[in-house]
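Keep the structure open as you read.

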Amino acid sequence: MIFDVICMIFDAVILTIYLHKILGARKESVSAALYVGCVCLVEILLIFLMRYFNGQHSSFRAFVSNLASFSTTFFLTILHKSNIRHRLFVSISFHVYASMSELIVYSIVSLLPASMTEILLSNDNYGLLMSKIVLFILLNITILLWNRKKQHYTLQYSVLVLMMPLLSFLLLLTMTHQLTEPSGTVYDILHLAGMSGILAANVLNYFLLDNVMKVTELEQDKIQMDKQFEYQTEKYQQISTVYRNSRRFIHDAKKHLFFIQDCMEEKNYDAVIPYLQETVKDIENTHNRINTGNLVIDAFVSNHQSLAKQENIEFFTDIQINNENVVIADYDFSIILGNLLDNSLNACRKILSPAPRQIAVEIFTTNMELVVHISNTIPAPRAGETEGSQPLTHGFGMKNIEVIVAKYLGTYTHYLEDERYHSIVAIPCPIQGTAY
């Protein structure tokens with residue numbers, strides 16, 4: 001009876017792990033106490049049904065067991081945020097794995113020498129314990145495969161997660177001599193403690209590795225955030241530089257005009273022309289090619305237009321904005337526009353001649369939104385790779401763009417079409433009474 005309770009707790013823990021890793025977090029309306037209570041109630045119900053129908057015909061007992069296992073698991077899936085397809089998958093797969101684990105244990109034990117097979121099969125607790133370990137292995141494999149795209153599991157982590165249950169199973173197979181010891185209170189307690197310890201070690205090892213994985217992810221996120229912070233600071237400094245240059249130009253323009261005025265008054269006309277030539281050069285170096293009145297657009301588009309010209313990259317612009325409809329803060333806008341333009345420029349740099357290298361920048365406002373559409377030509381697909389199969393990873397900072405766009409309730413889309421990569425950001429205009 002005590003071992004049944006221990007197995008019930010182990011079942012509850014690994015089922016909770018499976019539900020959480022496949023379906024995600026539980027619903028906000030479901031408290032932790034309610035969730036734990038439901039899991040415990042399900043396990044108690046299953047034990048009660050198995051004991052109640054223990055004397056029934058084996059086929060009927062199997063039917064009740066299967067139905068109860070599926071129904072109770074599906075009930076628990078309702079407590080999670082997920083769709084019906086994923087809920088059915090979890091319910092069916094957990095039930096199938098539970099049946100498979102018993103079959104796998106029986107098949108492996110049957111391959112052992114007859115003396116070992118007889119000893120192992122004669123002890124129900126050991127058979128149950130080994131099936132639980134196998135079930136845990138199957139669940140871990142499914143979790144690793146299910147989350148392989150959205151969460152990067154290293155080979156080391158995968159091996160370590162599966163290593164403990166595999167070693168536990170092998171350990172149990174080699175402990176047949178323990179089952180031949182004479183029965184008694186002390187021996188029974190030691191056997192129970194050993195089996196319970198194996199189950200506890202598997203659970204603790206899993207949570208330990210899971211926490212290590214989370215710490216590693218946090219460290220990587222911190223490194224990524226530090227890099228992005230440096231990048232954002234650099235981009236914002238560009239705006240400050242443009243602003244200071246503009247102020248300097250306005251301040252210096254007075255001096256230029258006074259000098260020209262003095263030359264005209266003194267009829268020193270020969271000095272005016274070279275001075276004007278130098279002044280024009282200074283204006284070209286400091287003044288923006290794009291002048292919309294928006295500091296971010298003028299600074300970044302002008303800067304990248306100059307860089308593109310230096311590297312023989314065609315740069316087209318179509319900018320028509322009403323600054324009253326640009327509600328995004330300069331700092332946030334600089335991150336979005338700076339990242340998109342940098343990514344386009346870096347992509348074009350990878351294109352080998354004579355393939356076209358082009359960047360098209362379209363920025364406009366309507367009565368409803370600010371739209372930034374940047375497209376660029378892309379490098380030719382590598383051998384065995386088609387345009388449609390190329391990954392849509394387009395440089396550094398995409399996650400930051402997504403975060404900022406979400407902050408302003410906007411949208412961010414990117415796609416490949418006609419050998420060009422398109423990035424579109426749409427930021428809605430302010431609604432009356434709404435502040436960002």
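**Aromatic pairs and helix packing**

F70 and F74 both sit in helix α3 (residues 58-77), four residues apart, about one turn of the helix. The model is predicted.

**The F70–F74 pair**

- The ring centres of F70 and F74 are 6.3 Å apart and the planes lie at 15°, so this pair is stacked.
- Planes under 30 degrees apart count as stacked.
- F70 has a relative accessible area of 28%, so F70 is partly exposed.

**The F89–W146 pair**

- F89 and W146 also form a stacked aromatic pair, at 4.9 Å centre to centre with 20° between the planes.
- This pair links distant parts of the chain. F89 belongs to helix α4 (residues 84-110) and W146 to helix α6, 57 residues apart.
- F89 is partly exposed, with a relative accessible area of 31%.
- W146 also counts as partly exposed, at 28% relative accessibility.

**Aromatic pairs overall**

- The count of aromatic pairs comes to six.
- Ring pairs join F10, F136, Y206 and F207 into a cluster.

**Packing of α6 against α7**

- Two packed helices are described by the angle between their axes and the distance between the axes.
- For helix α6 (residues 124-146) and helix α7 (residues 155-173), the axes come within 10 Å and cross at roughly 165°.
- Angles over 145 degrees count as roughly antiparallel. α6 and α7 are therefore roughly antiparallel to each other.
- The crossing of α6 past α7 is left-handed.
- On the α6 side, the contact is made by Y126, L129, M130, I133, V134, F136, I137, N140, I141 and L144.
- On the α7 side, the contact is made by Y157, S158, V161, L162, P165, L166, S168, F169, L172 and L173.
- Sorted by class, this contact of α6 with α7 has 17 nonpolar residues, three polar and no charged ones.

**T142 in α6**

- T142 is found in helix α6.
- Is T142 buried or exposed? T142 counts as buried, at 9% relative accessibility. The cut-off for buried is under 20%.
- Leaving aside neighbours within four places in sequence, T142 is in contact with Y18, I22, F89 and Y97.
- One of these contacts, F89, is also the ring partner of W146.

Definitions and conventions
Residues are numbered from 1 along each chain as its sequence is written. This is a predicted model: local features need pLDDT of at least 70, side-chain atom pairs count only at pLDDT 80 or more; totals for chains, interfaces and linings use all residues. Side-chain values use heavy atoms; hydrogens and water are left out. Axes are lines fitted to C-alpha atoms, for helices over the stretch in contact, and angles run from 0 to 180 degrees between N-to-C directions. Helices (H or I, at least four residues) and strands (E, at least two) are DSSP runs, numbered from the N terminus. Angles under 35 degrees count as roughly parallel, over 145 as roughly antiparallel, 65 to 115 as roughly perpendicular and the rest as oblique. A crossing is left-handed if the near helix is turned anticlockwise from the far one by less than a right angle, and right-handed if clockwise. Contact means heavy atoms within 4.5 Å. Ala, Val, Leu, Ile, Met, Phe, Trp, Tyr, Cys and Pro count as nonpolar, Asp, Glu, Lys and Arg as charged, and the others, Gly among them, as polar. Rings of Phe, Tyr and Trp (its six-membered ring) pair if their centres lie within 6.5 Å; planes under 30 degrees apart count as stacked, over 60 as edge-to-face and the rest as tilted. Buried means under 20% relative accessible area, exposed over 50%, partly exposed in between (1.4 Å probe, protein chains only).
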